[in-house]
Amino acid sequence: MNAPMHVYEILIKASPEVVWKAMIDPEYTTKYFHGTRFDSTFERGATYRNVIVDGGRPAVDGVIEEFDPPRRLVLTWHVLYDVDMAQEPPSRVEWDLAPANADRSVTRLTLRHCDLGMSPLTWANVRLGWVGVLDGMKTLIETGEPLGDVTLTDESSSDVDGEWHRSLGVKANNSVWDLLGQDVRTATDDEDMLQGAYASRYHWARAARRGPANVARGAWMLSRVWAVLADGATALRYGDECLAVCNEHTLEDFDLAYAHEARARALACLGRFDEARPAIEAALAVEISDAEDRSIFNADLRAEPWFGFIHPTQI
């Protein structure tokens with residue numbers, strides 16, 4: 001599972017060489033990058049400081065890890081402009097430039113702010129901060145005029161910890177799905193899959209805008225992973241939990257269908273086919289309103305392992 005990151009992409013009507021200059025030249029940066037300039041020798045392994053010109057105070061410092069003009073700039077990022085964020089470990093910023101057309105008159109800029117897993121305050125602060133910086137750069141390059149003062153607000157980011165946990169929960173969940181989809185997994189893959197399922201459950205329990213459906217889906221994922229790992233007893237425990245959450249909070253549609261499926265698969269893993277049959281029939285009886293969701297659910301029902309148990313969608 002990758003550490004949480006922000007990814008931004010923007011097209012700028014200028015060559016990569018012009019955009020590269022705008023990234024590091026104070027003639028440009030002081031007009032769009034919060035009045036700052038880079039102080040560095042600009043070579044691999046060199047330190048740098050991002051300094052506020054008015055007053056000379058450093059805003060950010062770090063180390064340049066890659067310097068490949070006009071293609072790629074990678075540097076660590078340690079915030080100095082805020083006391084609390086300054087206590088967080090350094091993160092990592094990657095700038096990638098590539099021509100977007102044949103005559104190199106348009107550049108595709110991709111910026112990734114990575115390794116924010118231990119830095120929730122920085123994660124929240126730079127989330128929209130980079131939007132203003134990149135749009136300011138684009139405006140300055142294309143028009144010759146600064147973007148000017150703008151206000152960027154995001155109500156969803158007011159719960160910093162909750163948004164951070166939500167981001168981690170999504171990434172952990174996606175990592176588990178990726179591993180479940182592999183035709184062949186190693187023992188290490190299985191361990192990563194299990195840890196990812198528990199990590200997803202942990203973070204979703206603390207995520208912003210969480211609800212009962214997130215609890216049910218976390219239990220379902222753990223049930224599926226344990227079934228794939230052939231631990232029927234643990235899979236059944238989480239399948240029972242998933243169904244209990246659905247019943248308690250009146251969750252219907254595919255959440256309820258998957259809860260019954262989880263129990264059926266766990267019971268099949270335990271060799272209790274007589275009990276698995278009514279569970280799978282209950283899953284198939286749930287009305288799933290969206291046709292695509294129904295198709296996905298049916299395909300998932302056909303997916304192994306079923307441990308020798310044959311149900312209607314497999315006939």
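**Rings and helices**

Tutor: Let's start with a single side chain: Trp177 has a relative accessible area of 39%, so Trp177 is partly exposed (buried means under 20%, exposed over 50%, partly exposed in between, with a 1.4 Å probe and protein chains only). Keep in mind that this is a predicted model, where local features need pLDDT of at least 70, side-chain atom pairs count only at pLDDT 80 or more, and totals for chains, interfaces and linings use all residues. Residues are numbered from 1 along each chain as its sequence is written, and side-chain values use heavy atoms, with hydrogens and water left out.

Student: Is Trp220 buried or exposed?

Tutor: The relative accessibility of Trp220 comes to 7%. The cut-off for buried is under 20%. So Trp220 counts as buried.

Student: How many aromatic pairs does the structure hold?

Tutor: Rings of Phe, Tyr and Trp (its six-membered ring) pair if their centres lie within 6.5 Å; planes under 30 degrees apart are stacked, over 60 edge-to-face, and the rest tilted. By that rule, the count of aromatic pairs is 15.

Student: What kind of pair do Phe38 and Phe42 make?

Tutor: Both of these residues, Phe38 and Phe42, are buried. Their ring centres are 6.2 Å apart and the planes sit at 70°, so the pair is edge-to-face.

Student: How do H5 and H6 run relative to each other?

Tutor: Two packed helices are described by the angle between their axes and the distance between the axes. Helix H5 (residues 187-204) packs with H6 at about 170°, axes 9 Å apart (axes are lines fitted to C-alpha atoms over the stretch in contact, with angles from 0 to 180 degrees between N-to-C directions). Angles over 145 degrees count as roughly antiparallel. H5 and H6 are therefore roughly antiparallel.

Student: Which residue lies over the face of Tyr202?

Tutor: A charge sits over a ring if NZ of Lys or CZ of Arg is within 6 Å of the ring centre and within 35 degrees of the ring normal. At 3.7 Å from the ring centre of Tyr202, the residue over the face is Arg206.

Key: Helices (H or I, at least four residues) and strands (E, at least two) are DSSP runs, numbered from the N terminus. Angles under 35 degrees count as roughly parallel, over 145 as roughly antiparallel, 65 to 115 as roughly perpendicular and the rest as oblique.
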